[in-house]
Amino acid sequence: MYHEKENFYHGFVAGLVSGFNGYVVVSNRESGNGRFDLVVKQRSKWHYAAILEFKIVDKFNQMLKACDEALQQIEDKDYEATLRDEQYENIAKLGICFCQKRCRVKSGGIDRFEY
């Protein structure tokens, strides 16, 4: 059930970020010890990238914990390995949680993500 819900939000967010000028969107690729949900990476010399990991919960009070779990998953599974190999130095990590019509985002990695 959660996998189907996550696929909906995954497609929604991928559609939103796919229009960013100068960026490429990569979805569900192996990196490190697992598969990240989404990576948005800059094509230019600045080498900014963001790893997005999605979680779905049933109750609003579970959202912050799920964001933390998403960030921890990015670290535990070393999703930034491929980006490091590609020499990206500024990597933002975003734990994104959805609960019904609400969304919560918690960031890790670089302090800002510019485009």
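1. Glu80 is buried, at a relative accessible area of 14% (buried means under 20%, exposed over 50%, partly exposed in between; 1.4 Å probe, protein chains only). You'll find Glu80 in the loop between helix 2 (63–76) and helix 3 (81–85); helices here are DSSP H or I runs of at least four residues and strands are E runs of at least two, numbered from the N terminus.

2. Before going on: this is a predicted model, where local features need pLDDT of at least 70 and side-chain atom pairs count only at pLDDT 80 or more, while totals for chains, interfaces and linings use all residues. Residues are numbered from 1 along each chain as its sequence is written, and side-chain values use heavy atoms, with hydrogens and water left out.

3. What does Glu80 touch, leaving aside residues up to four places away in sequence? Ser31, Ile51, Glu75, Ile91 and Lys93, with contact taken as heavy atoms within 4.5 Å.

4. Now the largest nonpolar core, which has 12 residues, among them Val13, Tyr23, Leu38, Ala50, Phe54 and Phe98 (a core is a set of buried Ala, Val, Leu, Ile, Met, Phe, Trp, Tyr and Cys residues joined through side-chain atoms within 4.5 Å). Helix 1 (2–17), strand 4 (38–42), strand 5 (48–56) and strand 6 (90–99) each give two or more residues to this core, and strand 5 gives the most, with 4.

5. There's also a second, separate core of 11 residues, including Ala49, Ile51, Leu83 and Ile91.

6. Ala50 sits in strand 5 and is buried, with a relative accessible area of 2%. From Ala50 to Leu83 it's 33 residues in sequence and 9.4 Å in space, C-alpha to C-alpha.
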